[in-house]
Amino acid sequence: MLLPPYLSDILHILSYMPKGLNFIEHTINIGWKEHQRARPIIVDPALQVPNKTEVVTTKEKRSSSWVMLSRSFLEFCLRWDNLPRTLLMYFTNFLSSSEGYFHTVICNSEHYQNTTVNSDLRFMAWDKPPLTHPVNLTTEHFDAMANNGAPFAHSFANDNSVLDMIDAKLLGRAPGRFTPGGWCLGSSVGGKDPCTFLGRSFILRPTKGSAKLEKLLKLLEPDNFRPKQCK
């Protein structure tokens with residue numbers, strides 16, 4: 001689910017960032033998943049280069065199935081390059097393949113492994129040890145969500161009251177209406193729908209939420225960015 005900052009805030013912040021970054025949480029320590037979901041992945045470099053070389057064990061990076069990927073990287077995957085194609089065949093019968101496929105491709109691609117930001121920009125709360133599954137978020141998690149700055153959150157039970165709180169207190173969305181943005185030119189006085197009158201769709205009006213997201217993106221600072229890329 002999309003949380004504040006609004007879409008305008010996300011676009012505002014991303015417009016100041018280098019293009020081509022991929023937000024994908026990955027870790028070398030996959031814990032219990034190593035034996036229950038995965039076996040070592042072997043890739044023959046000869047599938048990509050003409051020279052005969054020894055097969056290698058890939059860097060297995062798995063953590064979250066939620067990702068925000070660049071167009072360039074997705075085109076790399078969709079154009080059936082040898083590496084994405086080979087790994088796709090492997091992951092076809094892999095349990096929870098979404099938690100590993102893109103992570104493994106990107107961390108074993110020389111061109112893209114340095115484009116990763118080790119975060120999926122998502123707020124989650126975990127169950128008690130062994131911390132293997134995210135819990136459904138409720139009103140008890142509202143303050144933490146509101147202050148976190150992450151633009152997305154997972155997961156929610158159907159019709160939970162926290163969804164109404166997010167709409168009313170964070171998104172400013174009235175029941176049955178769209179979330180207002182910079183393209184809404186109408187007045188909200190008297191409970192009116194400001195989106196009754198629409199302006200240009202590309203107009204951005206960042207809110208205070210953009211500052212929270214900007215703070216979260218300190219992930220890009222040198223001490224946080226490079227040391228956590230596909231190691």
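The largest cavity holds about 60 Å³ of space, and the whole structure contains 2 cavities of 30 Å³ or more. A cavity is a set of points on a 1 Å grid over the protein atoms alone where a 1.4 Å probe fits but cannot get out, and lining residues have an atom within 4 Å of a point. Volume is the space filled by probe spheres set on the points, which are joined across faces, edges and corners. The lining of the largest cavity includes Thr116, Val117, Asn224 and Phe225. Strand E5 and helix H9 (222-225) are the elements that give two or more residues to this lining.

The model is predicted: local features need pLDDT of at least 70, side-chain atom pairs count only at pLDDT 80 or more, and totals for chains, interfaces and linings use all residues. Residues are numbered from 1 along each chain as its sequence is written, and side-chain values use heavy atoms, without hydrogens and water.

An open sheet of 3 strands has the order E4-E1-E5, with mixed pairing. E4 and E5 stand at the edges, each with a single partner strand, so one side of each has no neighbour in the sheet. Strands (E, at least two residues) and helices (H or I, at least four) are DSSP runs numbered from the N terminus; two strands pair if DSSP finds at least two bridges between them. E1 and E4 run antiparallel, joined by 2 bridges, and Phe23 stands opposite Met68 in E4.

| Strand | Residues |
|---|---|
| E1 | 22-24 |
| E4 | 67-68 |
| E5 | 116-117 |

How values were computed
On a 1 Å grid over the protein atoms alone, a cavity is a set of points where a 1.4 Å probe fits but cannot get out, and a pocket is an open set with protein on both sides within 12 Å along at least five of seven lines; lining residues have an atom within 4 Å of a point.
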